[in-house]
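Take a look at the model below. Then follow two kinds of side-chain contact through it.

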Amino acid sequence: ISNKVFLNEDGSKKKFFDAAIGGLSVGVPGTLEAIYKFHKNFGKLKWNDLIKPVVRLTDKGFYPPDRLINAVKKDKFLFKLNNDSIYKDIETNPHKKIYNKEYSKTLRLISENYRVFYNGSIALNIIERVTKNRNKNNSLSESDFDNYSTQRKPALCISLPNKIKICGPDLPSSGT
């Protein structure tokens, strides 16, 4: 990605929400690859068995927890970009059970072979959705997904008073 993606045509920085909302700031999701590799190296259960409880939960539905309700209320852009979201009713009816059949289907595919996320219909769906919400200067491609892999690197750590040390993923992760 060009380092000019987050700049206006005059070279000034874009406002945060102009850069972060939509597909412009989206890259290949790495969490699934990282979880799979972590499981492969340290896991005890079969990959398929690890995902079964989540599939059951998505099939049976769930009541939104307070954290999800609060997040939906605060996200002023969510429904502008995804008007048909299953979470749309949370604001008006926060105690209604939510069913996410598409997510169930996705999890079933991933439970059989996690790479379908990076080399199959799931990747194509992500690319289509992100490209639709990006500006004309950028796009996420199949080769981005095909060639994606995680790398094991040292954590980014900071020491706090009282001998407390906090660690998380280093760049380029946005999750530290």
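Predicted model: local features only at pLDDT ≥ 70, side-chain atom pairs only at ≥ 80, totals over all residues.

Residues are numbered from 1 along each chain as its sequence is written, and side-chain values use heavy atoms, with hydrogens and water left out.

Start with the rings. Rings of Phe, Tyr and Trp (its six-membered ring) pair if their centres lie within 6.5 Å; planes under 30 degrees apart are stacked, over 60 edge-to-face, and the rest tilted. By this rule there are eight aromatic pairs. One of them joins Phe117 and Tyr118: the ring centres are 4.9 Å apart and the planes meet at 70°, so this pair is edge-to-face.

Are these two residues buried or exposed? Buried means under 20% relative accessible area, exposed means over 50%, and partly exposed lies in between (1.4 Å probe, protein chains only). Phe117 has 13% relative accessibility, so Phe117 is buried. Tyr118 has 1%, so Tyr118 is buried too.

Tyr118 also pairs with Phe145. That pair is tilted, with 6.4 Å between centres and 45° between planes. Here distant parts of the chain are linked: Tyr118 sits in helix H7 (residues 116-119), Phe145 in helix H9 (residues 142-146), 27 residues apart. Helices (H or I, at least four residues) are DSSP runs, numbered from the N terminus. Phe145 is buried, at 0% relative accessible area. Phe117, Tyr118 and Phe145 belong to one aromatic cluster, along with Tyr36, Trp47, Tyr114 and Tyr148.

Now turn to charge. A salt bridge is a side-chain nitrogen of Lys or Arg within 4 Å of a carboxyl oxygen of Asp or Glu. The structure has five.

Arg108 and Asp59 form one, at 2.4 Å from N to O. Their bridge spans distant parts of the chain: Arg108 is in helix H6 (residues 101-112), Asp59 in helix H3 (residues 47-60), 49 residues apart. Arg108 is partly exposed at 41%. Asp59 is partly exposed at 24%.

Other bridges stay within a helix. In helix H6, Glu102 and Lys105 are three residues apart, about one turn. Their N to O distance is 3.4 Å. Glu102 is exposed at 52%, while Lys105 is partly exposed at 46%.

Helix H2 (residues 31-42) holds Glu33 and Lys37, four residues apart, about one turn. Their closest N and O atoms are 3.4 Å apart. Glu33 is buried at 2%, but Lys37 is partly exposed at 29%.

Methods: Helix = DSSP H or I, 4+ residues; strand = E, 2+ residues; numbered from the N terminus.
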